Amino acid sequence: MTSSQSPERVHAVDWLRGIAVLFMIQCHALVLLLPDLRQGDTTKFLLKLDGLVAPAFLFSAGFALTLLLVRGAAGGKRGNRLGRNLKRALQVLGVATLVNWMWFPLLREPRWLVRLDILHCVGLSLLLVLPVATALASRPRVLRGVALALALVVFFLSPLGEAVEGRWAYVLNKSTGAVFPLMPWLGFTWLGAYVGAVAGEQGRAGLTRALLFLIGLGAAGWLAAEPLNNLYPWHRFFVTNPSNAAERWMWVCLVLLGLVVLERKTASEGAPSRVRRFVETFGTSSLSAYVFHEALLYFHIFGFSFEKVWGNRSGWGQYTLLTGALIALTYGLCLAVDPLLDTVRRGPRTVADPLTGSFGQKFARLR
């Protein structure tokens with residue numbers, strides 16, 4: 001089925017983002033734990049799960065971008081999609097700057113402007129994927145081949161990127177303080193672009209086949225950990241090695257495949273359940289959720305923040321309660337603020353916003 005025949009929303013991707021938001025909040029809330037507990041096996045297990053959050057966001061961003069462009073090209077609206085996606089990518093970078101301003105003295109120390117965190121990585125990745133995806137949107141088979149090839153190139157060059165120095169180091173590795181440099185994280189956006197191109201051309205069946213292919217490819221890379229580690233000079237295996245990236249995208253694709261199956265099974269049901277609405281709210285407003293939970297957790301509001309009051313002082317019981325409260329407050333803020341921003345934006349929310357949510361495309365209109 002072609003994209004023009006299958007223009008429906010891919011809710012499974014919204015659910016993937018929503019689940020990633022919940023794990024993101026849980027991960028950031030670990031600062032509330034007693035320091036000794038943060039060194040324990042339970043925390044290490046949680047951090048391993050949390051290591052899938054950034055790949056899920058970047059994968060979803062690439063998927064959304066190419067899905068919309070391929071569908072737009074099929075409907076003769078590629079130019080319109082290009083402009084909208086460019087504006088959205090720039091808005092993500094605008095929100096990233098806003099978040100950095102919340103934590104760092106940008107006016108006194110402008111160097112913090114180029115510190116790449118997850119939002120910067122998403123925005124820059126979209127800007128790099130956009131021209132290629134736009135040029136090849138009318139030829140989705142070519143686009144998916146190019147996207148897959150570029151993803152693998154990024155992953156295979158990432159261990160070598162650790163040695164880069166000078167200005168390029170600001171965006172390619174962690175030596176200058178970047179939290180999410182383009183290597184290896186850009187690769188997940190290209191993988192998402194590959195799946196989005198397949199889904200845009202072939203619909204749900206193509207989406208399933210593409211995910212199964214990436215799961216198999218990821219499993220092969222995961223099992224080849226030793227030879228892939230020996231292929232390079234010393235490097236941080238759990239950051240830049242292709243085998244580590246393969247394991248991450250394998251699990252992300254497995255989760256998404258399960259959600260695609262779940263979406264298919266629930267497609268004929270009536271009104272969505274409360275759980276579905278809860279997860280979809282975070283999935284369609286994930287950028288809002290990012291800003292709100294960070295502000296609640298760290299930013300001092302009238303002298304209060306979760307981290308200031310309970311940071312490094314909580315056992316597992318209190319941590320669980322506080323994390324639940326943080327999630328609930330973030331959810332409430334998304335429900336309260338997003339409708340107000342919708343009235344400013346004055347337009348419908350589209351199928352798969354490349355900004356991983358609705359806040360980014362509204363932020364610029366509020367400034």
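Q: In which helix do Glu280 and Arg276 both lie?
A: This is a predicted model, where local features need pLDDT of at least 70 and side-chain atom pairs count only at pLDDT 80 or more, while totals for chains, interfaces and linings use all residues. Residues are numbered from 1 along each chain as its sequence is written, and side-chain values use heavy atoms, without hydrogens and water. Helices (H or I, at least four residues) and strands (E, at least two) are DSSP runs, numbered from the N terminus. Glu280 and Arg276 are 4 residues apart, about one turn, and both lie within residues 274–284, which is helix α12.

Q: How far apart are the closest N and O atoms of Glu280 and Arg276?
A: Side chains of opposite charge can pair when their charged atoms come close. A salt bridge is a side-chain nitrogen of Lys or Arg within 4 Å of a carboxyl oxygen of Asp or Glu. Glu280 and Arg276 form a salt bridge, and their closest N and O atoms are 2.8 Å apart.

Q: Is Glu280 buried or exposed?
A: Buried means under 20% relative accessible area, exposed over 50%, and partly exposed in between (1.4 Å probe, protein chains only). Arg276, at 22%, counts as partly exposed. Glu280 has a relative accessible area of 15%, so Glu280 is buried.

Q: Which residues are linked with Asp14 in a network of salt bridges?
A: Asp14 forms a salt bridge with Arg9 at 2.6 Å, and the side chains of Asp14 and Arg17 meet in another at 2.7 Å, N to O. Asp14 and Arg17 both lie in helix α1 (residues 11–28), 3 residues apart. Asp14 and Arg17 are both buried, whereas Arg9 counts as partly exposed at 21% relative accessibility. The residues linked with Asp14 in the network are Arg9 and Arg17.

Q: Which residues does Glu247 touch, not counting residues up to four places away in sequence?
A: Contact means heavy atoms within 4.5 Å. Glu247 sits in helix α11 (residues 242–266) and is buried, with a relative accessible area of 12%. Leaving out residues up to four places away, Glu247 touches Lys48, Gly218 and Trp222.

Q: Which residues make a nonpolar surface patch of about 270 Å²?
A: Patches are made of residues with over 30% relative accessible area and no salt bridge: like charges are joined within 9 Å, nonpolar side chains (Val, Leu, Ile, Met, Phe, Trp, Tyr) within 5 Å. Accessible areas come from the Shrake-Rupley method with a 1.4 Å probe; for residues, only the protein chains shown count as cover. One member, Phe45, lies in helix α2 (residues 41–50) and is exposed at 52%. The patch is made by Phe23, Phe45 and Leu49.

Q: How many disulfides does the structure hold?
A: A disulfide is a pair of cysteine sulfur atoms within 2.5 Å. Cys121 counts as buried at 0% relative accessibility, and Cys253 also counts as buried at 0%. The number of disulfides is 0.
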